Amino acid sequence: MSAARRLVIAIDGPAGAGKSTTARLLAARLGYDLLDTGAIYRVMALLARRAGVAWDDGPGVAAFAEGLDLKFSLEGGVNHVLVASADVTKDIRTPEMSDGASRVSALPEVRAALLGLQRRLGARGGVVVEGRDIGTVVFPDAGAKFFLTANSDERARRRVAELLAAGRPADFATTRAEMQQRDERDSSRAVAPLKQADDAVAVDSSALTPDEVVERMAALVEARA
């Protein structure tokens, strides 16, 4: 692909649909950069918690976006998240920070503060961007948009496996209930709710392997590029 044809690829969808894995594999397949916007909200929740700022304090949480030194580094199949050169990847991948990210992402002040940052990080194209409002708000003119989902049981199973692999306790019923609560919160928030863009291609990953999902997406991207 020539530089002029390197697209912004938006992948939206609920938790557990496989966005992170798919985005990482697709970026590697295409030689694109990877931008995990969900991780940015997790970072905001982490910084707020460390500073003792409540997750419902819009101006207080949004203040952490000012001058935020944030970088992503894809190494060994892991998209590391660096804040002021410190690796916080493991710190933000906890159930607590999942809940925190959902809560702070519902705050208009936080979304407004981070919108410019996200657009700057993806402005040059040649980037796979994953989140919940990428195709609808952050990059409405993205060259390729996907809405990735899976049934609730499969999503919960994946999340439990992920937590257990990280050495954290996990219960299927509890995890499934927490994901349903987050779905409701993300879909019903007043600002930038989780929803499929009108021009996004829907992909149900329930019965597909990550490689099969990537093959479908890559074929469309390569056709458009």
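Helices (H or I, at least four residues) and strands (E, at least two) are DSSP runs, numbered from the N terminus. The structure described here is a predicted model, in which local features need pLDDT of at least 70 and side-chain atom pairs count only at pLDDT 80 or more, while totals for chains, interfaces and linings use all residues. Residues are numbered from 1 along each chain as its sequence is written, and side-chain values use heavy atoms, with hydrogens and water left out.

Three strands form an open sheet in the order S3-S4-S5, with antiparallel pairing; two strands pair if DSSP finds at least two bridges between them. Strand S3 (70-75) and S5 are the edge strands, as each pairs on one side only. Between S3 and S4, which run antiparallel, there are 6 bridges. Within this part of the model, Phe72 stands opposite Val81 in S4.

The loop between strand S4 (78-83) and strand S5 (86-87) contains Ala84, and Ser85 is also placed in the loop between S4 and S5. Ala84 is exposed, with a relative accessible area of 52%, and Ser85 counts as exposed at 66% relative accessibility.

The backbone of this loop deserves a look too. Ala84 is not a glycine, yet its phi is positive, at about 50°. Ser85, likewise a residue other than glycine, has a positive phi near 75°.

Conventions: Buried < 20%, exposed > 50% of the residue type's maximum accessible area, 1.4 Å probe, protein only.
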